[in-house]
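Me: I'd like to learn how to read this structure. Could you walk me through it?

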Amino acid sequence: MADDMGESVGAAMGLIARVSEAIALGEASFELGPITREAGRLLAFESPWYVDETVGRVVSEVLGLGPIQKWFDDPRVTDVLVNAPDEVWIDRGDGLELTETRFGSRQEIATMVERCLAPLGLRLDRTRPMVDARLPDGSRLHAVLPPASVGSPLVAVRRFSQRVSSLEGLIAEGSATREQVDLLIEAVRSREAIV
């Protein structure tokens, strides 16, 4: 089993380089569908035993947040914190919990952050070891590199809820009182300006 996992990881790492090269040469678009198809095509030819388990990993490495992408696919996760390659925490609204998610190295963490920042025109390096950024989905990313951080790059990503609550839901969650909701309803009915 360990040998199978090693082959799968090796297939993914080599494939990431080849998919990146296909994008650079204009043979694949820098979008989810074309990257998924290209990764599947290359894997089916080179390592057909690992297509299903490896394509998602390759796509998240090329487009997404690498090993932590799976936490962004979970709508319950609001925060992801990376303190070291082997220390990734998440918050699902009930407090922080340590995950089994691992990065291969400190450099892999830095590369993931650089990949996220590049389309935004931002950079993170030894001369600018801290960055705050808003990702395309509205999430906030904060990252710190050594020497400003001790030992490993630190990353914190705060996701904002995608769900829209009803007025009754706001009351139930404690975000608004009944009086505030009634005032808002009356203001809308009266067509008053609301700031």
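Predicted model: local features only at pLDDT ≥ 70, side-chain atom pairs only at ≥ 80, totals over all residues.

Me: Let's start with charges. How many salt bridges does the structure hold?

Reply: The general idea: side chains of opposite charge can pair when their charged atoms come close. Here a salt bridge means a side-chain nitrogen of Lys or Arg within 4 Å of a carboxyl oxygen of Asp or Glu. The structure has seven of them.

Me: Which residue forms a salt bridge with aspartate 79?

Reply: That's arginine 158, with the closest N and O atoms 2.5 Å apart. The two sit in distant parts of the chain, 79 residues apart: aspartate 79 is in strand E1 (residues 79–84) and arginine 158 in strand E6 (residues 154–158). Those labels come from DSSP runs, numbered from the N terminus: helices (H or I) have at least four residues, strands (E) at least two.

Me: Is aspartate 79 buried or exposed?

Reply: Buried means under 20% relative accessible area, exposed over 50%, and partly exposed in between (1.4 Å probe, protein chains only). Aspartate 79 has 10% relative accessibility, so it counts as buried, while arginine 158, at 42%, is partly exposed.

Me: What about glutamate 168?

Reply: Glutamate 168 forms a salt bridge with arginine 178, at 2.7 Å between the closest N and O atoms. This pair joins helix H6 (residues 167–173) to helix H7 (residues 178–189). Glutamate 168 is partly exposed at 45%, and arginine 178 is partly exposed at 35%.

Me: Which residues are linked in a network of salt bridges?

Reply: Asp74, Arg76, Arg92 and Glu97.

Me: Now the sheet. What is the order of its strands?

Reply: Strands of a sheet pair through backbone hydrogen bonds, either parallel or antiparallel. Two strands count as paired if DSSP finds at least two bridges between them. In this open sheet of six strands, the order is E3-E2-E1-E6-E5-E4, with antiparallel pairing.

Me: Which strands stand at the edges?

Reply: Strand E3 (96–98) and strand E4 (130–134) do; each has a single partner strand, so one side of each lacks a neighbour in the sheet. E4 pairs with strand E5 (residues 140–144) over five bridges, in the antiparallel sense. To spot E5 opposite a residue, look at alanine 133, which faces leucine 141 in E5.

Definitions and conventions
Residues numbered from 1 in each chain as written. Heavy atoms only, no water.
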